[in-house]
Every structure is written in C-alpha cells, then in structure tokens.
Amino acid sequence: MLDINSIRQNPEEIKKGIAAKNGDALLVDAFLAEDAQWRELTAEVDELRARQKKAGNERNVKEAKKLKEEIKVKEEGLTSAEQKRAELLRKMPNPPLPEVPLGKSDKENVVLREVGAKPVFDFTPKDYFALAEQCDIIDTERAAKVSGARFGYLKGEAAMLEFALVQFAFDTARKEGFVPVVPPVMVKEEMMRGMGYVDRSEDRDETYLLEKDNLYLVGTSEQSVGPMLADEIIDAEKLPLRFVAFSTCFRREAGSYGKDTKGILRVHQFDKVEMFSFCHPDRSKEEHKLLLALEERMMQALRLPYHVLDICTADLGMPAAAKFDIEAWMPGQNDGKGEYRETHSTSNTTDFQARRLNVRFRSGQQKPEYVHMLNGTAFAIGRMLIAIMENYQQADGSILVPDALVPYMGGITEIKR
RNA sequence: GGUGAGGUGGCCGAGUGGUUGAAGGCGACAGUCUUGAAAACUGUUGUGCCGGAAACGGUACCGUGAGUUCGAAUCUCACCCUCACCGCCA
C-alpha cells in the first residue's frame, strides 16, 4: 500500500512509477478524485456529528433525532467513497526505486554478473531427471498415483540433501544474526491480504485455500514470517530483525499447465529456506545487498555457476520496489546444452507491506514509522537439487556431493545407484 | 468435538447506557531534592483522520464487524482470538 500523502503531493511521480511497472497509471487520477470526495464528506459528517453530540448531551432529543437521519444519509456516501478509495489504493503497486532498470518485459532484465565456471564434461550431460531415475532418488510416478501431477517423492540421498541444504543455510544465515524459524504454513486471509497476495485474481488463483477454516496455504514462508510482527512497534535499536525460515510451500501453478510438466522443477509442494528482514528505511538498500550477498555466498560455497539479474521495472511484481534474481546454470537442461533457471529471488518491498500490515518502529520518544521489509531465497530445495545433480554429475551417471554439504550428509560424498 | 471464562491505553487493572479518551497502579519522560545515584514529591505521558502556518478545533477508536438508542467500553447478534477442564491426538 502506498502512502496517501505522497500520492496527494506527487501524483505525477507515482504515475510514472506505476507506468514503469506496466501498471495502470489512471488509478492515481481515480484515487485522487475519490479522495477529494471523501475529504469533503468527512468534513460534513464530522460537523453534523458534533452538532448531534451536543444536542444529545443537552437532551434535545428532537433535534438529535433529526441530525441522526441526516448523518445516516451522508454516511452512506462517505462509506462508498471510502471503500472505492481504499480499493484503488490497494491496487496500486509499489513504485520501483530510481536505480531499477527501466524495461517493458522480463527480456530487459539486466545481467549484472556471471559467477563460477560452468562445468566442462567429456560426455553429454544428462538432465537431472534421468540422473535421479538412475540413482532412484526422485519418484514422480508414484507421487502421481498418490497425489496427482506435479508432486514428487524425494528419496534416499535426495532427502538427505534437502536437510543438508537446510542446515547449511541456517548455519550461514545465523552467523549474520538471522534467527532460525519454522513458521506456520496456514495463514489467515487478512494476513495474506496484508502481504499483498490476495488482491489480484492471478495471485488468488495461485494459492490454496482451505475453505472449511478459511485458511490459506503459504506459497512461500514470506507470507507467514512477514505478518509475524503485524500491528507491532519495534524498538529502533532492535532493528534489523532478521529471520531465516524453513517451510513447505504450496502453489497451485494455475496458468502454467503446459510448462515444466516433467519432474520437480515446478511442483505444487516444495520446501524452501527463506530469509526475511525488517529494517530501518534508511538501511533497506544495504540490507537488500546483504541478502543478495548471502545468496551468492552460499551458491559459491556449493561451487554452482550462476548469474545475477537486476530485475527491470516491468518484471518486479506488485510489492517489490527492487528485485534481484539468481539463475543457476543447469547443464542438463535444453537437451544437454544447458540453460540458466531461477533458483533465488530477493526483493525490497520498502514500506509497502509494512504499511498494510502496520509494522512500525520507534526511536526514543519519536513517532512510530513504518519499517522496510525484505525477503530473499536462501534455498528453494527442489531447484537446488536439480542444480547440484546436473552440475555434479559424472560420466557414469553418479553424482558427487558438494564439499560444503558433506559434513551435513553424514560423510556421504557420492550418490550412485 | 463438549463445557465454562475472558478479550479495556506500553503493561496490570476498574468501569453495565449520559460531556468517559476512559479511575487506580506500574512503567516511561521532565522537574524538585541530592556531591552523584536511589527513595520521596510534582508534572507530563495513546493513535488515526479532517481543517489550520501554528496555537488549536472537530471527529473516530475499549478484539473485529453489524445492530438497538437522541446517546454504547457498557445492551443485542455474528465473527476472530485467548485461557481452563473433559474427549481425541503426532
């Protein structure tokens, strides 16, 4: 949600920001019109109420009754203006930060750097799915029998790798002051709304809803860690508050029916370690860099080649004001020619989510201000498994375990049938 | 799932229809006293919105939403949440 005052004061700037995101800049004009109407009615209703209150206190019942009727009528208009205004406000995306590259589609995302040497094989590298089959560590066939399409069993070393990755991520993040968390994966509607995930129909279609209890299954633990501090005021000295959360994530993948149907690249249920930070507004750009740096540090520790994308304005999504993605090199994809696939994403949502969720901080006796909220992937387990398998494969189809994970694997150094 | 209790300001806690934004206490802040500190005493101490350069004025807020009433923290209904006991359970 945007700051009402900043829309009133700099409507042109906000319009530019929304347009850069391929959003509807006319929302701003519609909002301002509704807002003007709302202000006018507010003044009128407040004045009528003052008179009514006075009449009531003087036990002038007749006068008070008359005013009551007038208020009732006026209030209908007020409520309607208020609702329209709020709805328009909720639809406005967070404008991009000035340094974000301008672009019209994801094709204009900027590659900031390529890191790590792509592995050179003296054989045609296999797709992770073939490797997994050979090593018998992923079973999507039985998962389809039990749960349907887009599910998978991780077995044996794949299951062990999952927990090795989780431990490794927790250890790494903990050194930077992140508090490990295992959050709820079922979340109330109002909190989903606060994070900005229910307002647009495409987002609603993407989430699972448990209708009996009106609870949503999280698509990322961000949705349950962010609201953790809703309606709270944090001491400024305690910022930044950093959490690293492990949770299962649920996604309906509506609208991607044709895409990535095979294997575990795109599934309804996967586990993920996510970093989340609440910080002082002046510090959010640095914090964003820290999240990205940690993601890169972990990728480098695993010796996985990747590149970093500075996501352009059009590809930011609703709550993000700036976003960096990491795409890992997956040599087995694209018929053994390899391609980059997204494994990480880190967003600075500035005060957009904080305002909706009412997460504030206070320094000394000063007025509370909204914090900035940021999130970043530590490891999306399924996709990390793919990256590891394809990069660490050997001619015979066996897979080496990255050195950094061996201590967490009970000493296992190689996966073979 | 059953039964019962309850949600009031930063915290504890009073308040069952009438200038109640809300007694009292704790905490916090400022001051007096003190060489300094503690104690004691005095004062200040919520937020949103509208108007205003400001002082200030108005309005709303006692879990959330609707309702009754000239008037609601107080009455009615629905929902959310918390706690206790019983049942079930990883």
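How much area is buried between domain 1 and domain 2, and what share of it do carbon and sulfur atoms give? About 550 Å² is buried between the two domains, and carbon and sulfur atoms give 46% of that area. Ala-20, Lys-21 and Arg-90 supply 84% of what domain 1 buries against domain 2. The model is predicted.

**Domains and their interface**

Chain A is divided into domain 1, residues 4–91, and domain 2, residues 106–415. Their centres, taken over C-alpha atoms, are 41 Å apart. On the domain 1 side, five residues make contact, and they meet nine residues of domain 2. By class, the domain 1 side has one nonpolar, one polar and three charged residues.

Polar contacts are counted separately: five residue pairs, with both residues at pLDDT 80 or more.

| Interface item, domain 1 and domain 2 | Value |
|---|---|
| Residue pairs in polar contact | five |

**Aromatic pairs**

The structure holds seven aromatic pairs. One of them joins Phe-276 and Phe-278. A pair of aromatic rings is described by the distance of the centres and the angle of the planes. For Phe-276 and Phe-278, the centres are 5.1 Å apart and the planes stand at 50°, a tilted pair. Are these two residues buried or exposed? Phe-276 is buried, and Phe-278 is buried as well.

Ring pairs also link Phe-168, Phe-379 and Tyr-408 into a cluster.

Key
Residues numbered from 1 in each chain as written. Chains lettered and ligands numbered in written order. Predicted model: local features only at pLDDT ≥ 70, side-chain atom pairs only at ≥ 80, totals over all residues. Heavy atoms only, no water. Domains from an automatic or database assignment. Contact = heavy atoms within 4.5 Å. Buried area = accessible area lost by both parts, 1.4 Å probe. Polar contact = N/O pair within 3.5 Å; in protein donor to acceptor, adjacent residues only side chain to side chain. Nonpolar A, V, L, I, M, F, W, Y, C, P; charged D, E, K, R; others polar. Phe/Tyr/Trp six-rings, centres within 6.5 Å; stacked < 30°, edge-to-face > 60°. Buried < 20%, exposed > 50% of the residue type's maximum accessible area, 1.4 Å probe, protein only.
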